[in-house]
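Subject: Structure for your files

Hello,

Here is the structure I said I would send. Please open it alongside this note and read the two together.

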Amino acid sequence: MTFRFVDLFSGLGGFHVALNNLGGDAVFAAEWVPTLQDLYEKNFGIRPKGDITKVATTSVPDHDVLTAGFPCQPFSKAGEQLGFEHTEQGHLFFKVLDILKEKQPSFFILENVPNILKHSNGQTITRIKNDLIDAGYDVKIHQYSPHEFGIPQIRDRVYIVGHLGSLDEFVWPQANKLPTDIRTVLDAKPAGARALSTSAMQCLDMWDRFIKASPRTLELPSFPLWTMEFGATYPYVDSTPTALIEECGSDGLASFAGSFGKSLDGMSSEEQLAALPSHARRKGSKFPKWKQDFIRQNREFYATNKSWIDPFLPEIQTYPSSFQKFEWNAKGENKNLWDFVIQFRASGVRVKRSRTAPSLIAMTDTQVPIIGWERRYMTPRECARLQSLDSIELPESRPAAYRALGNAVNASVVEKIVRPLLLSTPVGRELLNPFSPSESEESLSQDAA
């Protein structure tokens with residue numbers, strides 16, 4: 001006997017790989033991107049349906065386990081966080097819920113971004129949990145990152161599991177938190193690896209010179225450097241630039257300085273806004289505390305280190321805004337940028353130790369992790385290993401592969417959750433045959449250890 005599962009929002013098939021490793025048989029999949037439909041069929045021999053909202057709930061085959069990494073964009077901190085109000089994707093959880101109510105599989109496992117726990121002050125996750133309970137399920141929720149299971153990627157995700165019976169015996173797998181290093185998934189100077197562009201090399205060379213110019217005894221700060229705050233004086237504690245403009249027009253900011261100390265006097269309101277850092281242009285009467293802290297920390301850091309920073313400011317200003325921000329996540333290490341893993345993010349140039357590998361996101365070509373000591377980007381195959389998906393074929397297009405891997409669920413983490421989930425119940429143990437009872441009990445005790 002084997003168990004049947006459905007794979008919703010299937011993408012590259014991370015859930016499929018995990019459940020197939022446990023003996024599961026996919027009876028249905030859904031994925032709206034045509035190229036990923038083709039690839040899923042090639043990898044797994046089943047063609048996903050397209051837009052799940054156009055699939056009749058009653059037409060989904062009977063199954064034992066439902067899996068779904070329902071779209072995270074409505075709940076992600078990187079987006080507008082519209083949640084259920086997101087016109088295209090926010091309602092998709094309710095399609096999953098409809099299938100659960102109609103087909104009543106014994107188990108489900110859902111995956112989403114950590115921010116879903118805090119979204120709308122916790123009301124979103126409460127709504128999700130209550131709806132699942134109302135559908136007849138006992139529900140448990142936990143957060144994991146692959147690095148907690150020996151996989152060199154820090155990428156927190158929330159997992160929601162449910163069973164039609166009791167989950168009293170279910171114990172989440174224990175994270176081992178053993179040391180990891182991204183070198184374990186890398187190929188040695190792989191052929192075809194994408195080299196850094198001239199502009200990327202110039203930018204990183206500048207930041208390398210910047211950190212080496214800092215005093216030997218100075219520990220670079222752990223907060224992100226927002227260099228556009230160096231010399232800025234606009235108000236940020238009791239008011240905001242936009243609030244002053246709304247109240248007093250351009251006169252409200254005339255006595256202050258914007259990005260890199262540029263005077264705002266004599267400018268129109270529109271010109272003043274353009275001369276401010278992008279993070280200071282949001283409407284509102286007060287900045288959140290975290291933003292106030294970052295602004296204050298950057299201005300204090302500049303005031304203390306102005307003498308060695310000032311020579312770099314003309315060059316820094318030639319780069320796009322995101323290149324003007326710098327995150328040194330290698331505190332205490334040698335100040336040599338090329339010894340580390342680097343990533344261009346919207347939040348800035350991020351530098352990490354090889355043992356604290358960056359998170360894969362739905363990446364553009366320029367956001368792929370950079371292996372500093374080889375002056376190159378990670379290959380799609382190396383990124384696939386970070387998602388425990390090295391066994392499948394990837395999209396032929398490099399940008400498409402990176403994007404799909406950034407959206408994928410980590411197959412190894414899913415497998416480590418689903419195994420004890422099934423083994424914790426009589427129904428699940430039966431589904432996991434051909435394990436003998438003794439083998440099932442032994443596996444259960446090991447997963448819960």
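This is a predicted model: local features need pLDDT of at least 70, side-chain atom pairs count only at pLDDT 80 or more; totals for chains, interfaces and linings use all residues.

Residues are numbered from 1 along each chain as its sequence is written, and side-chain values use heavy atoms, with hydrogens and water left out.

The sheet

Helices (H or I, at least four residues) and strands (E, at least two) are DSSP runs, numbered from the N terminus. Two strands count as paired if DSSP finds at least two bridges between them. On that basis six strands make an open sheet of mixed pairing, ordered β7-β8-β10-β9-β11-β12. β7 and β12 (376-377) are at the edges with a single partner strand each, so one side of each has no neighbour in the sheet.

Strand β8 (residues 325-329) runs antiparallel to β7 (residues 225-226), and two bridges join them; W226 has K325 in β8 as its bridge partner. β8 runs parallel to β10 (residues 348-352), with four bridges between them, and W328 is partnered by V351 in β10. Four of the five residues of β8 are buried, so this strand is largely enclosed by the rest of the structure. Buried here means under 20% relative accessible area, exposed means over 50%, and partly exposed is in between (1.4 Å probe, protein chains only).

In α2 (residues 34-44), the buried residues are L36, Q37, L39, Y40 and F44. They cover an arc of only 170° around the axis, which puts them on the same side of α2; the arc is taken from the directions from the helix axis to the C-beta atoms. T35 and K42 are exposed, on the face turned away from the buried side. The cover over the buried residues of α2 includes β1, α1 (14-21), β2 (25-30) and α11 (398-407), where contact means heavy atoms within 4.5 Å.

In α3 (residues 92-103), the buried residues include L92, F93, K95 and K103. They are covered by elements including β1 (4-8), β3 (65-68), β4 (107-112) and α4 (123-134). Q104 follows α3 and has a positive phi, near 50°.

A loop residue

S259 lies in the loop between α6 (241-248) and α7 (269-274). S259 is buried, at a relative accessible area of 16%. Leaving aside residues up to four places away in sequence, S259 touches M228, A275, L276 and P277.

Salt bridges

The whole structure has 26 salt bridges, each being a side-chain nitrogen of Lys or Arg within 4 Å of a carboxyl oxygen of Asp or Glu.

- D131 and R127 form one, with the closest N and O atoms 2.8 Å apart. The two are four residues apart in α4, so about one helical turn separates them. D131 is buried at 13% relative accessible area, whereas R127 is partly exposed at 42%.
- K289 and D293 form another (2.9 Å, N to O). K289 is exposed, at 60% relative accessibility.
- E374 and R376 also pair (2.6 Å, N to O). E374 is partly exposed at 22%, and R376 is buried at 5%.
- D187, R381, R385 and D390 are linked in a network of salt bridges.

Regards
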